[in-house]
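Subject: Structure handover

Hello,

Here is the structure I promised to pass on. Please open it first, then read my notes below.

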Amino acid sequence: MASTAGASTPTSKSKTTSANGKAASASATSRAATAAKSTRAKSGGKAAMTDEGATASVTAKSTSRASAQSGAAPDMQESVKELFVAMLKDIYYAEKQILKALPRMAKAARSDELKQAFEQHREETAGQIGRLEQVFAAMGMKPKAEQCEAIEGILEEGKEVMEDFKGKPALDVGLCGAGRAVEHYEIARYSAMKSLAQHLGMKDAAKLIDANLAEEMKTDKLLDQSAQALLLAKDAARA
Ligand SMILES: [Fe+2]
């Protein structure tokens, strides 16, 4: 998320909505009907809406009916969609920053294997950006990046490792750790986004997000193995 304030918005919004839902449970049915009407009006107004958008709309309607029965807030589905879009813009920005950082990390790495791992992940990252653009397109939106201070901080730490350990034996192990910090951030975001996409009935988006998630998990494992191999090699050299 761009900032703590930005990240807290959906939470505080959902808390408020939840409180309203409890307080006004007697009128939940009529509010749900209004929300369903509003969802129909919105989806009808977007002539170019894709299957993803349409599916999300249908799911929203059925959720509104379920909400009416359970007394839950009828606009939860719209709020979840808003959250998904915010996270999509955030990770789109993050991937673009990572794309720029990976060549720096490859250049800094001393071992050929690690250089190759970073270069290979740079190519994967370019593909991941393409998949995110497909998700934007499936939702009838143009790709848009929102500044993500979290990834900027993580990448800044990676720069510090490069500077502080330049010429030192542990440099590559430190780079593996810096790379894993990036992967773990991405894994957390993509895992959450996959759940949201599935909840919204956006099957194609969920598949695209899952493809990115699988690559991040594979890279995380690879960097872990690289660090272990580097440490073992140091041990062997010392023996
Ligand atoms: Fe990525």
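Leu88, Ile91, Tyr92, Glu95, Lys96, Ile98, Leu99, Leu102, Pro103, Met105 and Ala106 of H4 are in contact with Lys115, Phe118, Glu119, His121, Arg122, Thr125, Ala126, Gln128, Ile129, Leu132, Val135 and Phe136 of H5. Contact here means C-beta atoms, placed from the backbone, within 7 Å. By class, these residues are 15 nonpolar, three polar and five charged. (Nonpolar covers Ala, Val, Leu, Ile, Met, Phe, Trp, Tyr, Cys and Pro; charged covers Asp, Glu, Lys and Arg; the others, Gly among them, are polar.)

This is a predicted model: local features need pLDDT of at least 70, side-chain atom pairs count only at pLDDT 80 or more, and totals for chains, interfaces and linings use all residues. Residues are numbered from 1 along each chain as its sequence is written.

The axes of H4 (residues 76–108) and H5 (residues 112–138) come within 9 Å and cross at roughly 160°. (Axes are lines fitted to C-alpha atoms, for helices over the stretch in contact; angles run from 0 to 180 degrees between N-to-C directions.) H4 is therefore roughly antiparallel to H5, a term for angles over 145 degrees.

Now the whole chain. The protein chain has eight helices and zero strands. (Both are DSSP runs, numbered from the N terminus: helices are H or I with at least four residues, strands E with at least two.) Of its 239 residues, 34% are buried. (Buried means 20 or more other C-beta atoms within 10 Å of a residue's own, exposed 12 or fewer, partly exposed in between; C-beta atoms are placed from the backbone.)

Next, H6 and H7. The axes of H6 (residues 149–164) and H7 come within 9 Å and cross at roughly 175°. That makes H6 roughly antiparallel to H7. Ala150, Ile151, Ile154, Glu157, Gly158 and Val161 of H6 make the contact with Gly174, Leu175, Ala178, Ala181, Val182 and Tyr185 of H7. Nine of these residues are nonpolar, two polar and one charged.

Last, Asp220. Is Asp220 buried or partly exposed? Asp220 is partly exposed, because 19 other C-beta atoms lie within 10 Å. Asp220 sits in H8 (residues 203–238). Beyond neighbours within four places in sequence, Asp220 contacts Arg180, Glu183, His184 and Ile187.

Best wishes

Conventions. Angles under 35 degrees count as roughly parallel, over 145 as roughly antiparallel, 65 to 115 as roughly perpendicular and the rest as oblique. Two residues are in contact if their C-beta atoms, placed from the backbone, lie within 7 Å.
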